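Have the viewer open and follow along.

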Protein chains: 2
Amino acid sequence: MIELPGSTLFGAANLPYCVFSVPRDPRRRVGVAIGDHVLDVVPLAESGGATELVSLLATPTLNPLLAAGRRTWTELRERLVEWVHGPADALRPHLLAADDVRLHLPVEVGDYVDFYSSEHHARNVGRIFRPGSEPLSPNWKHLPIGYHGRTGTIVVSGTDIVRPKGQRRGEGGPEFGPSTRLDIEAEVGFVVGTSTRVGESVAVGEFAEHVFGMFLLNDWSARDIQSWESTPLGPFLGKSFATSVSPWVVPLDALEAARVAPPPRDPPLLPYLCDVDERGLDLELEVALNGHVVSRPPFATMYWTAAQQLAHLTVNGASLRPGDVFASGTVSGPEKDQRGSLLELSWGGSEPITLADESTRTFLEDGDEVAITGTAPGTAGTRIGLGEVRGRILPSR
Amino acid sequence: MIELPGSTLFGAANLPYCVFSVPRDPRRRVGVAIGDHVLDVVPLAESGGATELVSLLATPTLNPLLAAGRRTWTELRERLVEWVHGPADALRPHLLAADDVRLHLPVEVGDYVDFYSSEHHARNVGRIFRPGSEPLSPNWKHLPIGYHGRTGTIVVSGTDIVRPKGQRRGEGGPEFGPSTRLDIEAEVGFVVGTSTRVGESVAVGEFAEHVFGMFLLNDWSARDIQSWESTPLGPFLGKSFATSVSPWVVPLDALEAARVAPPPRDPPLLPYLCDVDERGLDLELEVALNGHVVSRPPFATMYWTAAQQLAHLTVNGASLRPGDVFASGTVSGPEKDQRGSLLELSWGGSEPITLADESTRTFLEDGDEVAITGTAPGTAGTRIGLGEVRGRILPSR
């Protein structure tokens with residue numbers, strides 16, 4: 001087996017997928033992270049006698065692999081584990097230094113749904129926007145609230161984010177200009193593999209048959225635009241300008257050791273939302289602003305699990321396509337330094353946070369760079385990395 | 001020129017596009033309506049020396065044509081007009097009886113945005129749901145309110161609609177079951193052609209450079225699900241189970257004679273939303289339930305035009321892709337028999353409407369069939385048809 005640094009978060013217990021290209025060959029294809037390298041799996045599959053997998057890997061998105069289904073996902077992972085544990089000499093020609101590859105948007109996204117499943121986040125937002133009244137809406141504990149977002153503006157980590165312009169409340173009526181309350185939302189996105197037909201629903205227990213894996217996601221939000229436009233039909237331009245995702249899709253198989261029981265639910269749920277197994281995930285996120293860690297949101301505290309989100313999303317018979325993405329909503333824990341948005345960290349802009357260079361922030365300034373990373377328990381006492389979603393703010397055009 | 005019935009709504013002034021196949025040749029390709037026939041344009045382009053157009057027409061969606069842009073759209077339309085006015089003998093071999101072709105979803109939809117742009121509709125909904133309070137939200141007259149819908153459940157006219165199941169308010173807490181308030185929304189959808197890059201905006205006056213045409217759209221809505229789930233992030237499962245569209249995309253070029261000034265706007269608008277030309281459209285819609293006309297919504301009464309909707313949709317820098325669709329929201333006029341939803345026609349279920357067979361309806365029953373059609377002024381005193389979007393309700397599964 002090839003040697004890996006003992007501290008690597010990208011050992012054989014992880015093996016997340018990406019889509020990459022190299023300068024000398026711009027054809028996009030599927031790769032796998034191992035240590036500090038990207039494994040070029042197509043030639044390995046070709047020479048390793050896995051020709052049936054080549055058509056799923058020599059493609060510019062993960063979608064063919066997503067569509068292939070759970071049996072193929074398991075089979076491919078078994079092959080990868082074999083190859084990684086096999087002779088280093090066979091692997092070495094196909095290991096590319098991370099700096100030499102370009103990582104692309106891994107998935108062609110069909111529909112994108114964003115949920116609102118952290119009770120801490122929802123309560124914080126309620127308190128900030130409607131002080132003195134009940135922070136959670138009456139439906140919040142009965143169903144995972146969500147809405148559809150824009151798929152055409154989902155971009156891969158590293159893409160610069162242009163500060164959006166738009167309408168916001170002003171003293172003498174609405175004003176127009178670059179957003180003055182540009183924010184992040186640290187989230188986890190789930191990538192749908194197997195499709196369903198219209199009229200079909202996915203039960204909570206069928207989650208792993210339909211979901212391939214997860215990636216980190218930053219749901220950039222212009223709070224001034226959002227708060228003016230959202231009544232009565234929800235967020236629109238305050239969100240639609242950009243959503244960034246990590247290039248690394250971590251397969252569910254790598255997250256078995258991270259499964260935990262979700263928090264207790266009270267009041268009791270309607271049967272279609274009842275858990276049948278532990279689908280909480282002990283993911284530890286980290287949000288850095290200009291290199292300074294401002295928050296460590298714990299995903300295990302989420303009220304609604306991804307399995308419940310998917311069951312809800314399909315209970316009306318809405319069909320799924322390979323490449324559909326649904327995200328958790330902002331991940332915020334109970335502590336102040338566990339909040340996944342600047343809205344919460346600065347309490348609506350009233351409590352600026354201080355960065356390493358002694359500068360303060362309420363919302364994002366031009367030139368700011370945000371990076372969300374994460375780790376989780378892997379098998380056999382290992383720890384695995386969840387990739388990174390990074391983006392820098394450019395001034396409005 | 002081939003002879004057409006004098007009363008046809010599909011003469012040379014119309015020429016809407018579809019995607020069709022025939023039983024003996026399942027390959028989908030672009031067609032054009034003429035009289036009662038579908039013109040198979042691919043062989044006509046091949047033999048008519050328009051080989052540069054063939055690759056845009058011999059494809060299973062309109063997307064390549066949409067991406068080609070305004071100049072190509074105009075060029076193709078000029079060719080079609082030439083062919084239709086040319087010798088009947090040349091055309092006749094390529095005319096297929098409408099009954100012999102199968103019509104498909106004409107567009108591969110990228111993102112789908114649904115607006116809420118009829119003042120009459122928004123006021124009616126406000127009065128029904130919040131009696132005694134101001135029916136319009138404070139932002140309504142300052143921006144066209146909209147939200148993203150689900151693209152994976154957009155289906156072509158004629159597709160049966162399975163009654164969705166979901167959560168709704170109950171006496172002792174939420175209940176689950178088939179929707180008991182299944183409704184329609186008669187709308188007009190606009191089909192985006194030319195793409196834009198992230199960070200770019202489309203000014204009101206650039207509308208025709210980016211929009212190819214329109215089709216009729218039925219935004220099926222489960223009112224009980226919708227009203228329980230929509231706070232605070234807007235409609236989700238109450239809408240995502242199905243959206244039906246007409247197979248016929250009417251090009252903007254066919255609607256020049258239908259252009260009218262929109263209603264006066266008060267208060268004045270921010271500059272990016274100000275009209276530069278008349279982009280209201282004098283479309284007359286008709287909603288039939290089981291063959292009985294229940295409403296005739298006038299599109300000319302819409303407060304916000306499609307050009308304003310597109311300018312708003314992109315003002316934050318959100319990019320467009322060919323095949324993006326944005327819809328008007330329910331079209332309702334000032335009169336009772338001009339309302340585009342059963343919610344309004346039955347005033348929240350309190351005033352049942354009577355059909356031709358003396359049966360009454362508040363919301364849709366299993367087996368009900370809804371058809372939305374429409375007409376508009378065409379050039380030279382003609383009248384053109386806007387196609388049809390039809391769907392029948394099947395019982396919940």
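**A helix on the inside**

Start with helix H10 (residues 306–314) of chain A: nine of its nine residues are buried, so the rest of the structure largely encloses it. Buried here means under 20% relative accessible area, with exposed being over 50% and partly exposed in between (1.4 Å probe, protein chains only). Helices (H or I, at least four residues) and strands (E, at least two) are DSSP runs, numbered from the N terminus. This is a predicted model, where local features need pLDDT of at least 70 and side-chain atom pairs count only at pLDDT 80 or more, while totals for chains, interfaces and linings use all residues. Residues are numbered from 1 along each chain as its sequence is written, chains are lettered from A and ligands numbered from 1 in the order in which they are written, and side-chain values use heavy atoms, leaving out hydrogens and water.

Among the buried residues of H10(A) are A:Gln308, A:Gln309, A:His312 and A:Thr314, along with A:Leu310 and A:Leu313. What sits over them?

Rotate chain B by 180°, with 0.0 Å of shift along the axis, and it superposes on chain A with an RMSD of 0.0 Å (least squares on the C-alpha atoms of residues with pLDDT of at least 70 in both). That is the relation of a two-fold axis. In chain B, the C-alpha of B:Gly234 is the nearest to the axis, at 2.1 Å. Both copies use the same surface, as 100% of chain B's contact residues (heavy atoms within 4.5 Å) recur in chain A.

Now for the contact itself. Each side has its count: 52 residues from chain B and 52 residues from chain A. Together the chains bury about 5000 Å², 61% of it on carbon and sulfur atoms; this is the accessible area (1.4 Å probe) that two parts lose on being put together, summed over both. On the chain B side, B:Arg150, B:Leu233 and B:Phe236 lose the most area to chain A, together 16% of what that side buries.

B:Arg150 turns up again in a salt bridge between its side chain and that of A:Asp324 (3.1 Å, N to O). The count between the chains is two salt bridges, each being a side-chain nitrogen of Lys or Arg within 4 Å of a carboxyl oxygen of Asp or Glu.
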